Amino acid sequence: MTEQAKVPAIRFAGFTDPWEQRKLGELSSEFQSGDFISAEEILGSGPYPVYGGNGLRGYAKQYNHDGFYALIGRQGALCGNVNTAVGKAYFTEHAVAVKANFLHDTRFLAHLLGCMDLGRYSGQSAQPGLAVGVLKEVETTVPSKAEQQAIGSFFSRLDSLITLHQRKYDKLVIFKKSMLEKMFPKDGESVPEIRFAGFTDPWEQRKLGELFDYEQPQPYIVRGTEYDDSFPTPVLTAGQSFVLGYTNEKQGIKMASPEHPVIIFDDFTTSSHFVDFPFKVKSSAIKLLTLRDKNEDIHFAYQVLQNIAYTPVSHERHWISKFATFATLMPECKSEMQAIGHFMSNLDGLITLHQRKLELLQNIKKSLLDKMFV
């Protein structure tokens, strides 16, 4: 390795010396597996958190480490997984506890370990595992302690910002779930627990097939799979991934818009997404749903669809055979539909905003880890 190869692409001002090669064991004052703890000893609450190879597992009445540590998962699929813990805690035998010696910085070391593919040292056995002795001999490159502290402090602040946005996002998702339960009638009830002022009439039962029209996706299915982020048209799926990529195909684009939105419904999984921009689709298993009565509120209708408690148990087309026949309660008054739809649409927009901020911060961190470590 040349001297130039030992310098990261981005550095804090004032640091110019090349990074030096060291074994992980040489960087650490502690480098050991945690201790065994039985499942009965791991509690739902208690004074000391219990950490395994995948982070927090529960709580215990005793602790075996105190301070800031990097934790390396050492068994099975968690080999090489890196977490951190601070304060008095109990580390199980599934985690390797690492603390830097006085010449190095543990926060830097935790991020350094996270950049390394430690899982490749687990061997080829049927039950892979990381040996402490093997990990100690793994070589890496590190800068001076002062530069380590600057890098470790920077990424710790970035992690705190990511955690903050994650908590905001999680709280909003929980809040929406609660509002869906309270703003739609429970089983056996004809009115919701929470209503906007001025609405008192009982809700009426209607089938989803009476609320929605559907369109088959064949005219909008993408032909090629050579996606590129520079292309203009997103290719969608109704599953969790939603945007599969972007295509340059000019024909067969579904011209959805805020004035003419569409709900895409996966006929197999029954998952759905609200779409208000032009798109193409990947699968023939998608139904494109729009309102039969254009005077009703599609944002409300989307929440009705999201509120259907149904888990697919067979690989079949669900819209015509099942979902279109499902009956659910809805307000007869279109103004109440619009009020609920507007509220839920704003809430969805806030959730999406925090999700995008979270994804942006995570992408920034990933990019900086690539550029600030050798």
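## Report on a predicted model

Gln 303 lies in helix α5, which spans residues 298–306. Helices are DSSP runs of H or I with at least four residues, strands are runs of E with at least two, and both are numbered from the N terminus. The model is predicted: local features need pLDDT of at least 70, side-chain atom pairs count only at pLDDT 80 or more, and totals for chains, interfaces and linings use all residues. Residues are numbered from 1 along each chain as its sequence is written, and side-chain values use heavy atoms, with hydrogens and water left out.

**Helix α5**

Gln 303 has 1% relative accessibility and therefore counts as buried. Buried means under 20% relative accessible area, exposed means over 50%, and partly exposed lies in between, with a 1.4 Å probe and protein chains only. Helix α5 is mostly covered, with seven of its nine residues buried; among them are Phe 300, Tyr 302 and Leu 305.

The side chain of Gln 303 makes a polar contact with the side chain of Lys 176 at 3.3 Å. A polar contact is a pair of N or O atoms within 3.5 Å; within protein, one must be able to donate a hydrogen and the other to accept it, and residues adjacent in sequence count only if both atoms are side-chain atoms. Apart from neighbours within four places in sequence, Gln 303 is in contact (heavy atoms within 4.5 Å) with Lys 176, Leu 180, Phe 184, Met 344 and Asp 348. The N-terminal end of α5 is capped by Asp 297, which has a side-chain oxygen 3.1 Å from the backbone nitrogen of His 299.

**Aromatic pairs**

Rings of Phe, Tyr and Trp (its six-membered ring) pair if their centres lie within 6.5 Å; planes under 30 degrees apart count as stacked, over 60 as edge-to-face and the rest as tilted. By this rule there are 22 aromatic pairs. The rings of Phe 155 and Phe 373 have centres 6.0 Å apart and planes at 45 degrees, so this pair is tilted. The pair links distant parts of the chain, 218 residues apart: Phe 155 is in helix α3 (residues 145–183), and Phe 373 is in the segment after α6 (334–372). Phe 155 and Phe 373 are buried. Ring pairs also join Phe 155 and Phe 373 into a cluster with Phe 12, Trp 19, Phe 108 and Phe 154.

**A three-strand sheet**

Three strands form an open sheet of mixed pairing in the order β14-β13-β17. The edge strands, each pairing on one side only, are β14 (243–247) and β17 (280–281). Two strands pair if DSSP finds at least two bridges between them. Strand β13 (residues 233–236) pairs with β17 in the parallel sense over two bridges, and Val 235 has Lys 280 in β17 as its bridge partner.

**Ile 10**

Ile 10 is found in the segment before β1 (20–23) and, at 34% relative accessibility, counts as partly exposed. Not counting residues up to four places away in sequence, Ile 10 touches Leu 368, Lys 371 and Met 372.
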